[in-house]
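Would you like to get to know a new structure by working through it piece by piece? Take a look at the sequence and the model below, then try each exercise before reading its solution.

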Amino acid sequence: MTLNVSLWRKNVCGALDILADETFQRGNWFGKGRYIDSPSDQYNSLFSDFEFEEFVDSPLVDLNVRQRAAGRRLIDLLRAFEKVVDLELPPEVVIDHPKWVEIRHAARQFLHLLDCSD
């Protein structure tokens, strides 16, 4: 099996875009948007569907030092958050949590460094 790094990157960029998008979360987490989504859906997309940790560390993706550091920081924030806040809590508990705000900011920074605007 060959790995399509371009598709992997595109999928990770899409998941990061949602993770960074407060407006998307406010709409879709609360049933007012076009999609059904939740904090746990965002974790599942990144870590299960798109193997985010492997993406950040993969030599095939070939991230530079700054990109890898930003990715690792985001992973650390997400892993720490899941220990502090049960992701099955209602979205209204997660959406304005200071650590979640920090996660959105870190996702935005990583998106910028990845230059996901294809």
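The exercises below walk through a predicted model, each with a worked solution.

**Exercise 1. Find how the axes of H5 and H7 are placed, and name the residues that meet.**

Solution. Start with the general idea: two packed helices are described by the angle between their axes and the distance between the axes.

Step 1: the axes of H5 and H7 come within 9 Å, and their crossing angle is roughly 160 degrees. Angles over 145 degrees count as roughly antiparallel, so H5 is roughly antiparallel to H7.

Step 2: the hand of this crossing of H5 and H7 is left-handed.

Step 3: look at the residues. From H5 come Arg66, Gln67, Ala70, Gly71, Arg73, Leu74, Leu77, Leu78 and Phe81, and they meet Lys99, Trp100, Glu102, Ile103, Ala106, Ala107, Gln109, Phe110, Leu113 and Leu114 of H7. Sorted by class, this contact of H5 with H7 has 12 nonpolar, 3 polar and 4 charged residues.

**Exercise 2. How many salt bridges does a search of the whole structure find, and where do some of them lie?**

Solution. Step 1: the search of the whole structure gives 8 salt bridges.

Step 1: Glu22 and Arg26 form a salt bridge through their side chains, at 2.8 Å from N to O. Both residues belong to helix H2 (residues 22-28) and are 4 residues apart, about one turn of the helix. Glu22 has a relative accessible area of 33% and is therefore partly exposed; Arg26, at 33% relative accessibility, also counts as partly exposed.

Step 2: move on to Arg79 and Glu53, whose side chains meet in a salt bridge of 2.8 Å, N to O. This pair links distant parts of the chain, with Arg79 in helix H5 and Glu53 in helix H4, 26 residues apart. Arg79 counts as partly exposed at 26% relative accessibility, and Glu53 is partly exposed at 26% as well.

Step 3: the side chains of Glu102 and Arg73 also meet in a salt bridge, at 3.3 Å from N to O. Distant parts of the chain are linked by this pair: Glu102 is in helix H7 (residues 98-114) and Arg73 in helix H5, 29 residues apart. Glu102 is partly exposed at 27% relative accessibility, while Arg73 is partly exposed with a relative accessible area of 35%.

Step 4: finally, look for shared partners.

**Exercise 3. What is the phi of Glu51 and of Asp62, and in which loops do they lie?**

Solution. Step 1: recall that most residues other than glycine have a negative phi.

Step 1: the phi of Glu51 is near 45 degrees, a positive value in a residue other than glycine. Glu51 sits in the loop between helix H3 (39-49) and H4, and at 41% relative accessibility it is partly exposed.

Step 2: Asp62 is not a glycine either, yet it has a positive phi of about 60 degrees. Asp62 belongs to the loop between H4 and H5. A relative accessible area over 50% counts as exposed, so Asp62, with 61%, is exposed.

**Exercise 4. Is Ser58 buried or exposed, and which residues does Ser58 touch?**

Solution. Step 1: Ser58 is in the loop between helix H4 (52-57) and helix H5 (65-84).

Step 1: buried means under 20% relative accessible area; Ser58 has 10%, so Ser58 is buried.

Step 2: not counting residues up to four places away in sequence, Ser58 touches Trp8 and Arg68.

How values were computed:
Residues numbered from 1 in each chain as written. Predicted model: local features only at pLDDT ≥ 70, side-chain atom pairs only at ≥ 80, totals over all residues. Heavy atoms only, no water. Helix = DSSP H or I, 4+ residues; strand = E, 2+ residues; numbered from the N terminus. Buried < 20%, exposed > 50% of the residue type's maximum accessible area, 1.4 Å probe, protein only. Contact = heavy atoms within 4.5 Å. Salt bridge = Lys/Arg side-chain N within 4 Å of Asp/Glu carboxyl O. Axes fitted to C-alpha atoms, helices over the stretch in contact; angles between N-to-C directions. Parallel < 35°, antiparallel > 145°, perpendicular 65-115°, else oblique. Left-handed = near helix turned anticlockwise from the far one by under 90°. Nonpolar A, V, L, I, M, F, W, Y, C, P; charged D, E, K, R; others polar.
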